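Have a look at the sequence and the model, then take each task one step at a time.

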Amino acid sequence: MSPKRPISYAVLRGKVIETDLIEFGGRGGDITFLAPDPHTIADQIPLGSPRLMEDLYTLSFEDILDYLAELGTRLELRNNPYLQDALEYSYDTAPTTRPIMDSFFHDMPFMFDKERIRGMVDFNIGIDYLESWVEKAINGAKVGIRAYGARTLHIVAGNGPVLGALTVLRGAVTRGDTIIKVPSNDPFTTGAIARTMVDMAPEHPLTKHLAVAYWRGGDEALESKIYQPHNIEKICAWGGFASVKHVTKYIQPGIELISLDPKRSASI
């Protein structure tokens, strides 16, 4: 049964948080929703020591593909009540029309197809670099190169639920620890995916290395606590000029900004 009021659940490292709910306004003022008070869960959002990422390296790339493929089967809209609620609520918050939202949600499982992910990763990174050290001869010397995951905070845009799903995928295949700040015009979808992961495999490393929560952008008391080098290495920020510029105030030695602002998006 759907909750009486829309709830943006926090899902923190295998646990669904549904207490200490407070009210927030959605984008445009068309809807209000409840979410856990971010100040009460702030200490649970970051991972802590990067040494705690070692469990991700017990997984092979094929293990990761198997997990994502099973997750994809559970994201069929007709069988997933979390996504059904998220879609219904998103009609009032999303900047797109109902047919576009219906299409996004219907097509979500296809994003988790094994061969699609394999091709995407091999093209963008190279699977060999994720699995082991790849030796290259450079100027007569042997150099080993390997891609490692990072503790990354993702401030995702809300112009389509595909972005939350894509961020979950990218964090998994790179063996990253992923924190997702959901946007006010899509505060429901990514949490629905994360709740599905908890139902599927609550103790799996990929589930334990995902934190999804909503907080109001510009909450400096909260952000100054989380956006610290001992918590994260990277911030990946989608958004307009004002929102991306706001994030730059937290950039310091030990934190890198990956900016997907309008200029970058348009030019690419």
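## Spaces inside the fold

The second largest cavity has a volume of about 30 Å³. Here, on a 1 Å grid over the protein atoms alone, a cavity is a set of points where a 1.4 Å probe fits but cannot get out, and lining residues have an atom within 4 Å of a point. Grid points are joined across faces, edges and corners, and a volume is the space filled by probe spheres set on the points.

Before you start, note that this is a predicted model, in which local features need pLDDT of at least 70 and side-chain atom pairs count only at pLDDT 80 or more, while totals for chains, interfaces and linings use all residues. Residues are numbered from 1 along each chain as its sequence is written, and side-chain values use heavy atoms, with hydrogens and water left out.

**Exercise 1.** Find which residues line the second largest cavity, and which helix gives the most to this lining.

*Solution.* 
- Step 1: The lining is made of Val 11, Arg 13, Gly 14, Ala 194, Met 197, Val 198, Thr 207 and Leu 210.
- Step 2: Helix H8 (residues 189–200) gives the most, with three residues. Helices (H or I, at least four residues) and strands (E, at least two) are DSSP runs, numbered from the N terminus.
- Step 3: Sorted by class, this lining has five nonpolar, two polar and one charged residues. Ala, Val, Leu, Ile, Met, Phe, Trp, Tyr, Cys and Pro count as nonpolar, Asp, Glu, Lys and Arg as charged, and the others, Gly among them, as polar.

**Exercise 2.** Describe the largest cavity: what is its volume, and which residues line it?

*Solution.* 
- Step 1: There are two cavities of 30 Å³ or more, and the largest holds about 80 Å³ of space.
- Step 2: Its lining residues are Leu 68, Val 168, Gly 171, Ala 172, Gly 176, Thr 178, Met 197, Leu 206, His 209 and Leu 210.
- Step 3: Helix H7 (residues 162–173) gives the most to this lining, with three residues.
- Step 4: By class, the lining has six nonpolar, four polar and no charged residues.

**Exercise 3.** Now turn to the largest pocket (an open set of grid points with protein on both sides within 12 Å along at least five of seven lines). Which residues are the closest to its centre?

*Solution.* 
- Step 1: The largest pocket has a volume of about 580 Å³.
- Step 2: It is lined by 23 residues, and the closest to its centre are Ile 125, His 154, Arg 170, Gly 171 and Thr 174.
- Step 3: H7 supplies the largest share of the lining, four residues.
- Step 4: The lining divides into 11 nonpolar, nine polar and three charged residues.

## Helices side by side

**Exercise 4.** Work out how H2 and H7 are arranged, and which residues meet.

*Solution.* 
- Step 1: The axes of helix H2 (residues 61–74) and H7 come within 10 Å and cross at roughly 155°. Axes are lines fitted to C-alpha atoms, for helices over the stretch in contact, and angles run from 0 to 180 degrees between N-to-C directions.
- Step 2: H2 and H7 are therefore roughly antiparallel (the word is used for angles over 145 degrees).
- Step 3: Phe 61, Ile 64 and Leu 68 of H2 meet Leu 169, Ala 172 and Val 173 of H7, where contact means heavy atoms within 4.5 Å.
- Step 4: This contact has six nonpolar, no polar and no charged residues.

Methods:
Angles under 35 degrees count as roughly parallel, over 145 as roughly antiparallel, 65 to 115 as roughly perpendicular and the rest as oblique.
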